[in-house]
Amino acid sequence: MRFVWKIVLWGCLGLVGLSAFIYASDDLWARFHGRPVEQMHVGRIYAAMNHWNQVEYSVGPSVMETCVDALMPHFGYVPCWYLRRHTVQQIGNP
């Protein structure tokens, strides 16, 4: 039984180490290639509950969002691959 726990422990430590390595290398990649690289128009939809517990949607103005060319979010910006696929953001979660 101890042998199984050692395998599980080493597996978890390896997974954490691999995740930290991937994030650190992605951060170095983003820093080397420059911080934010693109700006895209993102539409906004506002959602709110009315008096009869129904959701009301209203379209807001589109805004410019800055993204970074990386695998994960860095410097407070979302990755460009994510922003290209999510061009409409819902504000409010009724």
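This is a predicted model: local features need pLDDT of at least 70, side-chain atom pairs count only at pLDDT 80 or more; totals for chains, interfaces and linings use all residues.
Local features need pLDDT of at least 70 and side-chain atom pairs 80 or more, while totals for chains, interfaces and linings use all residues. Residues are numbered from 1 along each chain as its sequence is written, and side-chain values use heavy atoms, without hydrogens or water.

The structure holds 1 disulfide (a pair of cysteine sulfur atoms within 2.5 Å). Cysteine 67 and cysteine 80 form this bond, with their sulfur atoms 2.1 Å apart. The pair links distant parts of the chain, 13 residues apart: cysteine 67 lies in strand β2 (residues 55-68) and cysteine 80 in helix α2. Helices (H or I, at least four residues) and strands (E, at least two) are DSSP runs, numbered from the N terminus. The S-S torsion is about 85°, so the disulfide is right-handed.

Cysteine 67 is buried, at 0% relative accessibility. Cysteine 80 is also buried, at 1%. Buried means under 20% relative accessible area, exposed over 50%, and partly exposed in between (1.4 Å probe, protein chains only). Cysteine 12, by contrast, is partly exposed, at 46%.

Tyrosine 82 is partly exposed, with a relative accessible area of 37%.
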